Amino acid sequence: MKVKISFTIFCFMLVVVSCSDAQLGSLEQLAKGASLYHTNCSNCHQKDGSGLEGLIPPLAATDYLPANKNDLPCIIQNGLSGDIIVNGKKYKLAMPANKSLSNKDIANITAYIYKKFLKEDEFFSDTAMSIKLKNCVKKLS
Ligand code: HEC
């Protein structure tokens with residue numbers, strides 16, 4: 001009996017351990033990303049990503065985000081200006097930069113937006129994110 005119980009515990013531990021660092025990391029990213037989105041983005045883009053028609057483009061159900069998802073971290077860090085067309089409508093206002101967000105914060109928000117609005121599971125390591133963000137500074141200068 002004792003052996004059986006310890007075997008059960010052993011199996012349980014195995015399951016916990018095999019829930020990889022990446023999986024745990026991505027759950028943490030989503031939780032942190034959600035809270036950062038709500039503090040830094042949702043006052044404009046709205047909690048549900050619907051935006052404000054004619055003024056703030058939507059993030060949910062849009063043609064722009066899937067086509068430009070690789071630029072998302074750069075957009076978060078540097079903002080965006082110039083006319084863009086989202087779902088056939090023109091947006092002219094500028095989005096401000098978020099210079100106080102760390103690379104980790106941007107990785108967390110990006111993971112949250114991929115999950116919530118693009119329905120994609122994506123985990124962003126600190127290293128991958130800093131390389132990406134360095135490259136967008138290069139692109140701008
Ligand atoms: C002060 C309002 C404001 C805030 C805060 C803001 N944005 Fe934006 N965002 C805009 C505007 C306005 C545009 C359109 C810019 C343009 O026309 O060039 C935009 C464009 C975008 C786009 C590209 C267009 C689209 O709909 O896909 C993305 C992605 C985006 N914002 C994500 C974010 C994220 C993530 C945050 C939080 C870190 C954020 N924004 C915070 C106003 C805002």
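Reader: What makes Gln-46 partly exposed?

Author: In this predicted model, Gln-46 has 15 other C-beta atoms within 10 Å. A residue is buried at 20 or more such atoms and exposed at 12 or fewer, so the value for Gln-46 falls in between and the residue is called partly exposed.

Reader: Which residue follows H6 with a positive phi, and where is its place?

Author: H6 is followed by Lys-119, a residue other than glycine with a positive phi near 55°, and its place is in the loop between H6 and helix H7 (126–140).

Reader: How do you know whether Lys-119 is buried or exposed?

Author: Lys-119 has 7 C-beta neighbours inside 10 Å, and since a residue with 12 or fewer is exposed, Lys-119 counts as exposed.

Reader: Why does Ala-94 count as exposed, and what does Ala-94 touch?

Author: Ala-94 has 10 C-beta neighbours inside 10 Å, and the cut-off for an exposed residue is 12 or fewer, so Ala-94 counts as exposed. Ala-94 lies in the loop between strand S2 (89–91) and H6, and, leaving aside residues up to four places away in sequence, Ala-94 touches Gly-79, Leu-80 and Ser-81. From Ala-94 to Leu-55 the C-alpha to C-alpha distance is 9.6 Å, although the two are 39 residues apart in sequence.

Reader: How do you know that the span of H6 is close to the expected one?

Author: H6 has 15 residues and reaches 21 Å from its first C-alpha to its last. The expected span is 1.5 Å times one less than the number of residues, which for H6 comes to 21 Å, so the span of H6 is close to what is expected.

Reader: Which residues of H6 are called buried?

Author: The buried residues of H6 are Ile-106, Ala-107, Asn-108, Ile-109, Thr-110, Ala-111, Tyr-112, Ile-113, Tyr-114 and Phe-117; the name requires 20 or more other C-beta atoms within 10 Å.

Reader: What makes up the largest nonpolar core, and which element gives the most to this core?

Author: The largest nonpolar core has 16 residues, of which Tyr-37, Ile-106, Ala-107, Ile-109, Ala-111, Tyr-112 and Ile-113 touch the most other members. Helix H2 (21–40) and H6 each supply at least two residues of this core, and H6 gives the most, with eight residues. Not counting residues up to four places away in sequence, Ile-109 touches Gly-33, Leu-36, Tyr-37 and Ile-76. In soluble globular proteins, nonpolar side chains tend to be buried together.

Reader: Which residues come nearest to the ligand, and how does the shell divide into nonpolar, polar and charged residues?

Author: Of the 30 residues around the ligand, Cys-41, Cys-44, Pro-57, Leu-93 and Met-95 come nearest. Among the elements that give two or more residues to this shell are helix H3 (42–45), helix H5 (72–78) and helix H6 (103–117). The shell divides into 21 nonpolar, seven polar and two charged residues.

Reader: How many helices and strands does the protein have, and what share of its residues is buried?

Author: The protein has seven helices and two strands, and buried residues make up 19% of its 141 residues.

Note on methods: Residues are numbered from 1 along each chain as its sequence is written. This is a predicted model: local features need pLDDT of at least 70, side-chain atom pairs count only at pLDDT 80 or more; totals for chains, interfaces and linings use all residues. A residue is near a molecule or strand if its C-beta atom, placed from the backbone, lies within 6 Å of it. Helices (H or I, at least four residues) and strands (E, at least two) are DSSP runs, numbered from the N terminus. Ala, Val, Leu, Ile, Met, Phe, Trp, Tyr, Cys and Pro count as nonpolar, Asp, Glu, Lys and Arg as charged, and the others, Gly among them, as polar. A nonpolar core is a set of buried Ala, Val, Leu, Ile, Met, Phe, Trp, Tyr and Cys residues joined through C-beta atoms within 7 Å. Two residues are in contact if their C-beta atoms, placed from the backbone, lie within 7 Å.
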